[in-house]
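Please examine the sequence and the three-dimensional structure before reading further.

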Amino acid sequence: MTTLVSSFNILLVENSNEDILLIRKAFEHTQREPTLTVVKDGENALDYLYKRGAYTDDDTIRPDIIILDLNLPKISGLEVLRTIKTDIELKMIPVIILSVSNSPNDILACYQHQANCYLVKPRDFTQFMDLIQHFDEFWNGTARLPIQS
Amino acid sequence: MSDEIVSRNDLLRKIAALELRIMELEEGGPCTDEQIDIANALEQAKNEVAQFISIASHDLREPLRLISNYLGLLEVEFADVASPDAAKYIQIATDNANRMQSLIESLLEYSKIGQQVTFQRVQLKHIVSQCLFNLRLKIDESQAEITADELPLLVVSESHMVQLFQNLLENAIKFSGPRPPKIHIGAQKKGDYWLFWMEDNGIGIKNDYLEQIFTMFQRLHSTHEYPGTGIGLTLCQRIVEQYGGKIWVESVLEEGSTFYWTLPILHRIA
């Protein structure tokens, strides 16, 4: 059974439960709440995208966009990014890095691996809501994304 | 271009050489191997402390970010149902989380001073202009009058100099008392180093505390009287010492303070 979803589908790759809840809460305050699918490590992220492992059923939705943390167990965020961006099928999905790191080296490495945008997790919730608001307005409003085959 | 950028190793060698010369002069003879070992061990220890502070601050920052965010979430989601008392408690917790955040930021800044930096030819008068621009609101507000002697060109890190001059200027403005601040920056060449000073007409410092004020987190006033983290002068001291210089203060209570610092001439550029 395929779920019919017309909304904006985000794959959130994030290990911290606290951050997952913050991101969910911040999205609740946006205009059109997106469909948020959460995976908690790099291995699961790739399994989800390749519809393998625990994600072989039809319910797996190909995301419109991926929000990716860098600090992940098993397979790092940077490695997930590299895999996506070197895959002919997956590389057109925009990948937005959302990390605690403000280090120029991390930022550079992500753009070198074709990240579409790098965002730093804000220090307070007002800023967090602003960031998610901007994200939603831009990627779910202003930007035109590839239509999935 | 290449002679403008001095590598950190070059500079460290020069600092080491200068320190040796100072020690030789003070001791009245050439350094023994033991003294050289002590100097090297001291430098290493300082760098290790900075590294520790850097790691600790990064680790502290993460839980604090979540505390701040969840306090914010609490405020956003329950503001209309919470009692005025609850709102007040959330506010107090938030204020203190913010304060802790600035403390951690300043610790990180402190630990960065010893890390890889680029040295280049820097006109100190441009540094002072930059600081005046950064502080323009505080200067306007306090009606501060700031003057400076002719300042030299040195081979230094630009960001170090901005931090050094800006922290000292900010202090002079902050601790000005009821009078509008009058601040003068002086400079004089003394053999192979420059002596700088910054004189103000502020509240002054009791003689008992002249050394204490450079200690990390040491504050002579409550945060209500004079807000701040108590790390500004520690930063200044660490910067000056990076170049093999010294910083100290002379002061008359209720009349003003003069901060002095020295910076060796590493490259004399005509």
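**Loops, helices and packing**

Q: Where in chain A is K51(A) found?

A: This is a predicted model, in which local features need pLDDT of at least 70, side-chain atom pairs count only at pLDDT 80 or more, and totals for chains, interfaces and linings use all residues. Residues are numbered from 1 along each chain as its sequence is written, chains are lettered from A and ligands numbered from 1 in the order in which they are written, and side-chain values use heavy atoms, without hydrogens and water. Helices (H or I, at least four residues) and strands (E, at least two) are DSSP runs numbered from the N terminus. On this numbering, K51(A) is found in the loop between α2 and β3 (65–68) of chain A.

Q: Does K51(A) count as buried, partly exposed or exposed?

A: The phi of K51(A) is near 50°, a positive value in a residue other than glycine. A residue is buried under 20% relative accessible area, exposed over 50% and partly exposed in between, using a 1.4 Å probe and protein chains only. The relative accessibility of K51(A) is 43%, so this residue counts as partly exposed.

Q: What pattern of elements does chain A follow along the sequence?

A: Chain A has five helices and five strands. Read along the sequence, they give β-α-β-α-β-α-β-α-β-α.

Q: How are α2(A) and α3(A) oriented to each other: roughly parallel or roughly antiparallel?

A: The axes of α2(A) (residues 42–49) and α3(A) (residues 77–85) come within 9 Å and cross at roughly 20°. Axes are lines fitted to C-alpha atoms, for helices over the stretch in contact, and angles run from 0 to 180 degrees between N-to-C directions. Angles under 35 degrees count as roughly parallel, over 145 as roughly antiparallel, 65 to 115 as roughly perpendicular and the rest as oblique. The two helices are therefore roughly parallel.

Q: Which residues of α3(A) take part in the contact with α2(A)?

A: Contact means heavy atoms within 4.5 Å. From α2(A) come G42(A), A45(A), L46(A) and L49(A), and from α3(A) come V80(A), T83(A) and I84(A).

Q: What covers the buried residues of α3(A)?

A: The buried residues of this helix are G77(A), V80(A), L81(A), T83(A), I84(A) and K85(A). Their cover includes α2, β3, β4 (95–99) and α4 (104–112) of chain A.

Q: What is the relative accessible area of the buried residue K85(A)?

A: K85(A) has its place in helix α3 of chain A. Leaving aside neighbours within four places in sequence, K85(A) is in contact with K91(A), I93(A), P94(A), V95(A), H113(A), Q114(A) and N116(A). The C-alpha atoms of K85(A) and V95(A), ten residues apart along the chain, are separated by 8.9 Å. K85(A) counts as buried because its relative accessible area is 12%.

Q: Which residues of α5(A) make the contact with α2(B)?

A: The axes of α5(A) (residues 125–142) and α2(B) (residues 33–78) come within 7 Å and cross at roughly 80°. That makes α5(A) roughly perpendicular to α2(B). On the side of α2(B) the contact is made by R65(B), S68(B), N69(B), G72(B), L73(B) and V76(B), and on the side of α5(A) by F125(A), F128(A) and M129(A).

Q: How are α2(B) and α3(B) oriented to each other: roughly parallel or roughly antiparallel?

A: Chain B holds seven helices and seven strands. Of these, α2(B) and α3(B) (residues 84–112) pack at an angle of about 155°, with their axes 9 Å apart. The two helices are therefore roughly antiparallel.

Q: What percentage of the 270 residues in chain B is buried?

A: Chain B exposes about 15200 Å², an area from the Shrake-Rupley method with a 1.4 Å probe. Carbon and sulfur atoms supply 53% of that area. Among the residues of chain B, the buried share is 41%.
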